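Hello,

I am handing over the structure we talked about. Please have it open as you read. My notes follow below.

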Amino acid sequence: MQFYLDGYRPGDPEDFPAAPGIEPRSGSGDLPAEVDVLVVGTGPAGVVLAAQLAEFPGITTRVVERRTGPLEIGQADGVACRTVEMFNAFGLAEKLMREGYWVNETTFWGPGEGEGIARTGQVQDVADGLSEYPHVIVNQARMQEYLLERMRTSSSRLEPEYGLEVTDVQVLPDGGDHPVKVTLQREGGDTAVVRAKYVVGCDGARSAVRKSLGIELRGDARNHAWGVMDVLAVTDFPDIRKKSVIQSPSGGNILIIPREGGYLVRFYVDLGDLEPGDRDARKRFTRESIVEAAQKVLHPYTLEVKDTAWWSVYEVGQRIADRFDDVLPDERGTRTPRVFIAGDACHTHSAKAGQGMNVSMQDGFNLGWKLAAVLEGRSPESLLDTYSGERRQIAQDLIDFDLRFSTMMAAKPKDPAHPEAGGVDLEEKQRIFTEAGRFTAGFATEYRPALLTGGAEHQGLATGFPIGQRFYSAPVVRLADAKPEGLGHVAEADGRWRIYAFAGAEDPHSPESGIAQFCRFLGESADSPVRRFTPEGANPDAVFDVRAVFQQAHRELALEKLPAFLLPRKGPFGLVDYEKMFAADHKGGTDIFDARGIDRSRGAVVVVRPDQYVAHVLPLDAHAELAEFFARFMVPTAQLAQVG
């Protein structure tokens, strides 16, 4: 990380000085009459969204939560590799990996000889080449506390207002700059009214925000119950510290997820079909009945539960909202959204694939930078239409996957003597589980060509950075100080666009090289997106973080002979930023040009969105195409000045 740009100060560099004018203080219970963004709920989507908005102290953000304090025991646990990548942008990946249980292998158990179970296979949990980060297990409450701390130490000093429940949300046609009227009820019964420019409902499956908009969750219950419990137990089951998929001869199923700390274990226990229409069926299950069901499936191994941290029973089902904002279908294009829903408020599914919390967090990450861009005037309000368009399709893909996955998990073993009875054989279950690895790791998201995603005409220049998918980091060496880094790890959750320029085969020191001409275009041309869309007086990388990667080893490059654009002067003292140039890592054995399929002859430009997804791949000399791409959704600073 970089700090001291505005002057030296002692203490923790990650505890940022409070921005001036942060009044009334958030978390004090004293809500202002008007806010820019009101975030409702401190679940996974809400805390990621709020942590993103906390990076912008000029935006008045408030977070309200009906509970009286932070979450203490979280229901979600699995942290996909993609989520760890996202947490790295907040500076939190190391905490996750240090505290979490690493899911390294998954074992499969099925009917053995006699009436017991036997191990039938084991696989690596995350396939090689998917991510440099692991799949980890961390209590949801701890993950949210990391983000709440990030909010508290940001220059916004953002903290939730607890004990406030939303009872009504209205979008007033004549509401002016703050058209959303939100009515809240305090724990003691008093009410408060807040006017907002934008409201985001991250308030769970029973979302009051969603209900105020008249949006319903549509889908079906599977009429099948699972018990879940976090326990401290003594057992002779040998794979208790590995993720295990267990299918008993009687048809019972268990998914075992070891928890952080070395002792705690989560059990997902198949409790069988429910009678349709019996609303009290789940209430008749007890902790003891879940333990008993688990003991039967584990036979001949024993299970003695010593302590239970948490348990519940849930019914499998998949539901999704028709839309993720307040704009009706026949209004789309005539007005822009003012109210959004995210996370469980707009999609619910089973816990077996471990994607609920992860996808919810990605909802918040997708929306946060867009709200900031609009509120700061860098993009038109039409940018906000892309949230529902992008995230609803991703949620639908998850629903479809979860239906197949949860059905497979609950299937009874196939009886070779009676194949007509159906069921799933153990090899088939292991194959499906393995093939689903890319999805459960969080890498199935792919944004289709649209406003924020370019076409694939030049994809061949960088085949390892597929357009619409997340930017996959690779090792590089920072030129100025020879520090090995992951290229994707330098990106922060700060709302900036990334432009990675990979140099071609020419001598990069030559002023006629493709990389030199590209830098001159960005730094000098009137058509340059950097010049057109960076506010007057702001740091030169305030909107676009441009980085260059060269093919040569770092000792073969002369920093002083490379484009001056890549040594920008910033801050009140005009300090030089030396962290914009990188060389391929020849010593470490992974050359990014080979690993990510970069055309060595021509080089490439890879454009990456603030939420870490590849937006475009272009040639180094495609100056007009690059300018045209950003002009589609950004407001020129000259136009902003005229409006001001």
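**Asp611 and its partners**

The side chain of Asp611 makes a polar contact with the side chain of Arg609, at 2.8 Å. This is a predicted model, so please read every distance here as computed from it. A polar contact also joins the side chains of Asp611 and Trp369, at 3.3 Å.

Where does Asp611 lie? It is in the loop between β26 (604–608) and β27 (614–618). Is Asp611 buried or exposed? Its relative accessibility is 1%, so Asp611 counts as buried. Set aside the neighbours within four places in sequence. Asp611 is then in contact with Arg82, Phe365, Asn366 and Trp369.

**Salt bridges**

Arg82 turns up again here. Its side chain meets that of Glu85 in a salt bridge (3.3 Å, N to O). Both residues sit in helix α2 (residues 81–89), 3 residues apart, so about one helical turn separates Arg82 from Glu85. Arg82 and Glu85 are both buried.

How many salt bridges does a search of the whole structure find? The count is 47. Side chains of opposite charge can pair when their charged atoms come close.

Two more pairs deserve a look.

- Asp36 and Lys197: their side chains meet in a salt bridge, at 3.5 Å from N to O. Asp36 belongs to strand β1 (residues 34–40) and Lys197 to strand β11 (residues 191–201), so this pair ties together parts 161 residues apart in sequence. Asp36 counts as buried at 11% relative accessibility. Lys197 is partly exposed, at 23% relative accessible area.
- Lys242 and Glu105: the closest N and O atoms of this salt bridge are 3.0 Å apart. Lys242 is in the loop between β12 (217–235) and β13 (243–247), and Glu105 is in strand β5 (residues 105–111). The pair links distant parts of the chain, 137 residues apart. Lys242 is partly exposed, with a relative accessible area of 27%. Glu105 is partly exposed too, with 33%.

There is also a network. Salt bridges that share partners join Asp494, Arg496, Arg498, Asp541, Asp545, Arg547, Lys570, Asp577 and Lys580.

**Helix α6**

Helix α6 covers residues 287–298, 12 residues in total. From first C-alpha to last, α6 reaches 17 Å, close to the 16 Å expected at 1.5 Å a residue. Which residues of α6 are buried? They are Ile290, Val291, Ala293, Ala294, Val297 and Leu298.

Best wishes

Key:
Residues are numbered from 1 along each chain as its sequence is written. This is a predicted model: local features need pLDDT of at least 70, side-chain atom pairs count only at pLDDT 80 or more; totals for chains, interfaces and linings use all residues. Side-chain values use heavy atoms; hydrogens and water are left out. Helices (H or I, at least four residues) and strands (E, at least two) are DSSP runs, numbered from the N terminus. Buried means under 20% relative accessible area, exposed over 50%, partly exposed in between (1.4 Å probe, protein chains only). A polar contact is a pair of N or O atoms within 3.5 Å; within protein, one must be able to donate a hydrogen and the other to accept it, and residues adjacent in sequence count only if both atoms are side-chain atoms. Contact means heavy atoms within 4.5 Å. The expected span of a helix is 1.5 Å times one less than its number of residues. A salt bridge is a side-chain nitrogen of Lys or Arg within 4 Å of a carboxyl oxygen of Asp or Glu.
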